[in-house]
Amino acid sequence: MKKSIIVASFLFFFSSISAQEKINLQDSLNIPVILVDGVEVQSLDSVCKEDIMDVKIIKDKNIIKYFYPRVGGIMCITTKSKKFLTPIIQGYKKNIEVCDKKKKKGEIYIR
């Protein structure tokens, strides 16, 4: 009796683990990539509906291979305000200014 209970619980435990692994594997393959103004975001909660100008869905295998294993496609959203891209551009410009101040006259710098 004890052996049958142990065997049954053992089989139940391992069958539930394998089912969870299959579900996680299946879900991870169909995750779409969301790009808002060229910046990857995790969800669309922070994007206002009125701010969206254009939405494109890309299913081209040559482009999707760069986002492997997320092969659910790429959603490219363009907004009017560019609020996701603006901080990146400002950071880049600030970095350029800092680097320009550090340059010494007559020296050649390679980026």
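Which residues make up the largest nonpolar core? Keep that in mind while setting up the view.

This is a predicted model, in which local features need pLDDT of at least 70 and side-chain atom pairs count only at pLDDT 80 or more, while totals for chains, interfaces and linings use all residues. Residues are numbered from 1 along each chain as its sequence is written, and side-chain values use heavy atoms, with hydrogens and water left out.

**Stop 1: the core**

Select Ile-34, Val-36, Val-39, Val-41, Val-47, Ile-77 and Phe-84. These seven residues form the largest nonpolar core. Such a core is a set of buried Ala, Val, Leu, Ile, Met, Phe, Trp, Tyr and Cys residues joined through side-chain atoms within 4.5 Å. Buried means under 20% relative accessible area, exposed over 50%, and partly exposed in between, with a 1.4 Å probe and protein chains only. E1 and E2 are the elements that give two or more residues to this core. Strands are DSSP runs of E with at least two residues, helices are runs of H or I with at least four, and both are numbered from the N terminus.

Now pick Val-41. Leaving aside neighbours within four places in sequence, Val-41 is in contact (heavy atoms within 4.5 Å) with Ile-34, Val-36 and Phe-84.

**Stop 2**

Switch to a cartoon view. Four strands form an open sheet in the order E2-E1-E4-E3, with mixed pairing. Strands E2 (39-41) and E3 (52-58) stand at the edges with a single partner strand each, so one side of each is left without a neighbour in the sheet. On average, neighbouring strands are turned by 25° against each other, direction ignored. The axes are lines fitted to C-alpha atoms, for helices over the stretch in contact, and angles run from 0 to 180 degrees between N-to-C directions.

Select E3 together with E4 (residues 74-79). They pair in the antiparallel sense over six bridges; pairing requires at least two DSSP bridges between two strands. Zoom in on Val-55: its bridge partner in E4 is Ile-77.

**Stop 3: Asp-37**

Is Asp-37 buried or exposed? Asp-37 is buried, with a relative accessible area of 9%. Asp-37 lies in the loop between E1 (33-36) and E2. Beyond its neighbours within four places in sequence, the contacts of Asp-37 are Ile-77, Thr-78, Thr-79, Lys-82, Lys-83, Phe-84 and Leu-85.

Lys-82 forms a salt bridge with Asp-37, with the closest N and O atoms 4.0 Å apart. Lys-82 sits in the loop between E4 and helix H3 (86-102) and Asp-37 in the loop between E1 and E2, so the pair ties together parts that are 45 residues apart in sequence. Lys-82 counts as partly exposed, at 32% relative accessibility.

**Stop 4: the other salt bridges**

How many salt bridges are there? The count comes to three, taking a side-chain nitrogen of Lys or Arg within 4 Å of a carboxyl oxygen of Asp or Glu.

Go to Asp-54. Its salt bridge is with Lys-56, the closest N and O atoms being 4.0 Å apart. Asp-54 is partly exposed at 31%.

Then select Lys-103 and Asp-100. They form a salt bridge with the closest N and O atoms 3.4 Å apart. Lys-103 is partly exposed at 40% relative accessibility, and Asp-100 is partly exposed with a relative accessible area of 40%.

**Last stop: cysteines**

Select Cys-48 and Cys-99. Cys-48 is partly exposed at 37%, and Cys-99 is partly exposed at 34%. The disulfide count (cysteine sulfur atoms within 2.5 Å) comes to zero.
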